[in-house]
Amino acid sequence: MFPISSASMLPATVFRVFSSLIFLVAGIGHIRAPEGIVQRLSNAAVGAQITQLFPATPLVVLSGIIMLFAGFALAIGFRTRLAALALIACIIPITIAVQL
């Protein structure tokens, strides 16, 4: 294998940091103002069914915490694969619950 120079890692690092900003901003929004997201979740068909089983506000705050910590880990390059898996595990149920 050829050694990887720091110059060739720069684009990947910049992409990783900017990608993580999406989750950091969303996580902060979920934690600071969950009411709007809870309303959106309650208005969605699948989301309404989920909120009958589980209280919506703790779910929204929990997803915000996951996005915040995993997004921060991704930004600083700490356990990036685990951070990406946590974000995927968080985003897929959110997408199903809100978009369907």
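Colleague: Which residues of α5 are buried?

Modeller: Buried here means under 20% relative accessible area. In this predicted model, Ala83, Leu87, Cys90 and Ala97 of α5 are buried. They share one side of the helix, because the arc they cover around the axis is only 105 degrees.

Colleague: And what does the face turned away from that buried side carry?

Modeller: There you find exposed residues of α5: Arg81, Leu85, Ala89 and Gln99.

Colleague: How many residues does α5 have, and what does the helix reach from its first C-alpha to its last?

Modeller: A helix is expected to span 1.5 Å times one less than its number of residues. Helix α5 runs over residues 80-99, 20 residues in total, and reaches 27 Å, close to the expected 28 Å.

Colleague: Where do the axes of α4 and α5 stand relative to each other?

Modeller: For a pair like this, look at the angle: over 145 degrees counts as roughly antiparallel. The axes of α4 (residues 56-76) and α5 cross at roughly 150 degrees and come within 9 Å, so α4 is roughly antiparallel to α5. The crossing of α4 past α5 is left-handed. On the α4 side, the contact includes Ser63, Ile66, Met67 and Ala70; on the α5 side, Ala83, Leu87 and Cys90 are among the contacting residues.

Colleague: At what angle do α2 and α4 pack?

Modeller: Helix α2 (residues 34-43) packs with α4 at about 115 degrees, and their axes are 9 Å apart. This time α2 passes α4 in a right-handed crossing. Pro34, Ile37, Val38 and Leu41 of α2 make the contact with Ala56, Thr57, Val60 and Val61 of α4.

Technical notes. Residues numbered from 1 in each chain as written. Predicted model: local features only at pLDDT ≥ 70, side-chain atom pairs only at ≥ 80, totals over all residues. Heavy atoms only, no water. Helix = DSSP H or I, 4+ residues; strand = E, 2+ residues; numbered from the N terminus. Buried < 20%, exposed > 50% of the residue type's maximum accessible area, 1.4 Å probe, protein only. Arc of directions from axis to C-beta. Axes fitted to C-alpha atoms, helices over the stretch in contact; angles between N-to-C directions. Parallel < 35°, antiparallel > 145°, perpendicular 65-115°, else oblique. Left-handed = near helix turned anticlockwise from the far one by under 90°. Contact = heavy atoms within 4.5 Å.
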